[in-house]
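Subject: The structure for you to look at

Hi there,

Here is the structure I promised to pass on to you. Have a look around it, and then read on for what turned up.

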Amino acid sequence: MGTQPSGPMVVSADLAALLSLRCNHPNLVRILGVHHNAGAAQLMVDYVHGRSLAAVLAAAGAERIPLAEALAIARDVARGLYFLHQLR
């Protein structure tokens, strides 16, 4: 007898997939689906071209990233979050 995935991660992944059906915004990654495997939920998302935030920070090393770049990142994150909050 197999076990069904359960727990907060599965619920969150399923909820994220449902919400993504209503989300179309340039600052949000589109969720294509959810795959449940061995009790873990894996989100399938669109490929995002460019560097990850981790890569940007790693490239900066011990130095800080330039203020203009940090503000642009923060602005894009804020725009995506604002859009999500307007969906209520």
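Let's begin with one term: a residue counts as buried when its relative accessible area is under 20%, as exposed when that value is over 50%, and as partly exposed in between. Please keep in mind that this is a predicted model. Of the 88 residues in the protein, 15% are buried by that rule.

Now for the overall layout.

Is C23 buried or exposed? With a relative accessible area of 16%, C23 falls under the 20% cut-off, so C23 is buried. You will find C23 in the loop between α1 and β1. C23 also shows how a chain can bring separate parts of its sequence together: C23 and G80 are 57 residues apart in sequence, yet their C-alpha atoms are 9.7 Å apart in space.

Next, the salt bridges. How many does the structure hold? There are three.

One of them joins R30 and D46, with 2.9 Å between the closest N and O atoms. This pair links distant parts of the chain, 16 residues apart: R30 sits in the loop between α1 (8-20) and β1 (31-37), while D46 sits in the loop between β2 and α2 (53-60). R30 has 46% relative accessibility, so R30 counts as partly exposed. D46 is partly exposed too, at 27%.

Another salt bridge is formed by the side chains of R51 and E69, at 3.7 Å from N to O. Here again distant parts of the chain are linked: R51 belongs to the loop between β2 and α2, and E69 to helix α3 (residues 67-86), 18 residues apart. Why is R51 called exposed? The relative accessible area of R51 is 56%, and that is over the 50% cut-off. E69, with 29%, is partly exposed.

R75 and D76 make a salt bridge as well, and their closest N and O atoms are 3.2 Å apart. Both partners are partly exposed: R75 has a relative accessible area of 40%, and D76 comes to 28%.

On the surface, look for a nonpolar patch formed by V29, L43, V45 and V48. Together these residues have about 320 Å² of accessible area. L43, one of the patch residues, lies in strand β2 (residues 40-45). L43 counts as partly exposed because its relative accessibility is 43%.

Finally, there is the largest pocket, which holds about 460 Å³ of space. It is lined by 15 residues, and the closest to its centre are N27, V48, R51, L53 and D76. You have already met some of these names: V48 is part of the nonpolar patch, R51 pairs with E69, and D76 pairs with R75. Which elements give two or more residues to the lining of the largest pocket? They are α2 and α3, and the largest share, four residues, comes from α3. Sorted by class, the lining has eight nonpolar, four polar and three charged residues.

Enjoy exploring, and write back with any questions!

Best wishes

Conventions
Residues numbered from 1 in each chain as written. Predicted model: local features only at pLDDT ≥ 70, side-chain atom pairs only at ≥ 80, totals over all residues. Heavy atoms only, no water. Patch = residues over 30% accessible without salt bridge, like charges linked within 9 Å, V, L, I, M, F, W, Y side chains within 5 Å. Areas by Shrake-Rupley, 256 points an atom, 1.4 Å probe, with all protein chains shown as cover. Salt bridge = Lys/Arg side-chain N within 4 Å of Asp/Glu carboxyl O. Buried < 20%, exposed > 50% of the residue type's maximum accessible area, 1.4 Å probe, protein only. 1 Å grid on protein atoms, 1.4 Å probe; cavity = no way out; pocket = protein on both sides within 12 Å on 5 of 7 lines; lining within 4 Å. Points joined across faces, edges and corners; volume = space filled by probe spheres on them. Nonpolar A, V, L, I, M, F, W, Y, C, P; charged D, E, K, R; others polar.
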